[in-house]
Amino acid sequence: MKILRQLLTLFFIGASYLVACDEGYTDMDGTCYYTSDLDVLAIFAENSGMGSEYGDVIGMGDQEWNSGRLTDWDCQECGLSGSIPSEI
């Protein structure tokens, strides 16, 4: 039983490396997103008084991601306010 537990532990540790993202990308539920794109979304949310954690901004508006990069974002109904981030 102890050997089985150790083998399972090694399997799960090894499997976690298969989902690793490249440098500059952040893993969110098994998908890699470009961290700077997430940061800009988080700043928009923070400037508008909304939750600014990556998990919050992933669902903010209609988003299209291609190879981990945000390529289209429609946030007309998001209720954004405040300044436009200088990071854009």
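## Terms and model

Helices (H or I, at least four residues) and strands (E, at least two) are DSSP runs, numbered from the N terminus. By that rule, Asp37 is found in helix H2, residues 35-47.

This is a predicted model, in which local features need pLDDT of at least 70 and side-chain atom pairs count only at pLDDT 80 or more, while totals for chains, interfaces and linings use all residues. Residues are numbered from 1 along each chain as its sequence is written, and side-chain values use heavy atoms, with hydrogens and water left out.

## The hairpin

Strand E1 (residues 25-28) and strand E2 (residues 31-34) run antiparallel and are joined by four bridges; two strands pair if DSSP finds at least two bridges between them. Thr26 has Tyr33 in E2 as its bridge partner. Two residues lie between the strands of this hairpin, and Asp29 takes a positive phi near 55 degrees there.

## Asp37 and its contacts

Asp37 is buried, at 13% relative accessibility (buried is under 20% relative accessible area, exposed over 50%, partly exposed in between, with a 1.4 Å probe and protein chains only). Leaving aside residues up to four places away in sequence, Asp37 touches Trp65, Gly68, Arg69 and Leu70, where contact means heavy atoms within 4.5 Å. Asp37 and Leu70 are 33 residues apart along the chain, and their C-alpha atoms are separated by 6.3 Å.

## The salt bridge

A search of the whole structure finds one salt bridge, defined as a side-chain nitrogen of Lys or Arg within 4 Å of a carboxyl oxygen of Asp or Glu. The side chains of Asp37 and Arg69 meet in a salt bridge, 2.9 Å from N to O. Asp37 lies in helix H2 and Arg69 in strand E4 (residues 69-74), so the pair ties together parts 32 residues apart in sequence. Arg69 counts as partly exposed, at 36% relative accessibility.
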